[in-house]
Amino acid sequence: MARFEQKKQIELTVASENHSSEDEARTSAAAERKLFRRVAVGFGLLCVLQAALNISLRLFLYNQTQQDKAVCEIVTEPDELRNVSNQLFQEGWVYFRSSFYYISLTKKTWQESRDDCLSRGADLTIIDSQEEQDFLRRISKRMWIGLTERAQKGTWRWVDGTLLNTSYWFPGEPNDDLGREENCAETNFGDVKNNWNDWPCDYQNHWICEKKVAP
């Protein structure tokens, strides 16, 4: 009887130990699964963060490239052109879309203004696009431009001899106001989109020269 009870006690002890081992194994497996999930989630978040950083970096580089291209197009030009550009900047010229512009500080007649531009290796500005018109509108001066009808009344030509095709006259202009001979054109006649005006060529006015540096 005693042997039977001892044997039974041993079996219970073994069963208890086996049960404890199974519990420990389950607990360990559960902990491993939990750790794996945390690692997987962490790795996923890291991937998402990396993708977001890549996208942000690409957008930043694209925007920076566009800005650099718009502001510093001349950097890629030959050394000789860069040297000329640096000199023009120092002389007060401003750059816009492959041209340099010089805005006068004093006033002269239309012909005197053109002579000044020619002496600088340039000419009075020819406005041949909406973008250039918008650019000049930001300059708060009434200025002579390279447009005149002095050679033939009623026929407006640019200083390079081309006929005027697209114009930005102020409403009601050109009109030879008060019966005067207004045969030369100025810009910035009013803060509006179309702001050209015809004006007597012998009147004093500011002027703007244009020097093209690319075709």
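A: Let's start with the pairing: β2 (99-103) and β8 (residues 206-212) run antiparallel and share 5 bridges. For the terms, two strands count as paired if DSSP finds at least two bridges between them, and the elements themselves are DSSP runs numbered from the N terminus, with helices being H or I of at least four residues and strands E of at least two. Within this pairing, Tyr101 sits opposite Glu210 of β8.

Before going on, keep in mind that this is a predicted model, where local features need pLDDT of at least 70 and side-chain atom pairs count only at pLDDT 80 or more, while totals for chains, interfaces and linings use all residues. Residues are numbered from 1 along each chain as its sequence is written, and side-chain values use heavy atoms, with hydrogens and water left out.

Strand β3 (residues 123-124) is antiparallel to β8, with 2 bridges between them. Here Glu210 turns up again, as the bridge partner of Asp123. Strand β4 (residues 143-148) also pairs with β8 through 2 bridges, but these two strands run parallel. In that case, Trp144 faces Trp207 of β8.

How covered is β8? Mostly: 6 of its 7 residues are buried. Buried here means under 20% relative accessible area, exposed means over 50%, and partly exposed is whatever falls in between (1.4 Å probe, protein chains only).

The structure has 2 disulfides, a disulfide being a pair of cysteine sulfur atoms within 2.5 Å. Cys117 and Cys209 are both buried.

The other disulfide links Cys184 and Cys201, again with an S to S distance of 2.0 Å. Cys184 is in strand β6 (residues 184-187) and Cys201 is in the loop between β7 (197-199) and β8, so this pair connects parts that are 17 residues apart in sequence. The S-S torsion of Cys184 and Cys201 is about 100 degrees, so this one is right-handed. Cys184 and Cys201 are buried as well. Count the bonded cysteines along the chain and the pattern comes out as 1-4, 2-3.

A few backbone details are worth a glance while you have the model open. Most residues other than glycine have a negative phi, and most peptide bonds are trans. Ser98, in the loop between β1 (94-96) and β2, has a positive phi near 70 degrees. With 23% relative accessibility, Ser98 counts as partly exposed.

The loop between β5 (157-158) and β6 holds Pro174, and the peptide bond from Glu173 to Pro174 is cis, with omega near -5 degrees. Asp176 is found in the loop between β5 and β6 too, and has a positive phi of about 50 degrees without being a glycine. At 24% relative accessibility, Asp176 is partly exposed.
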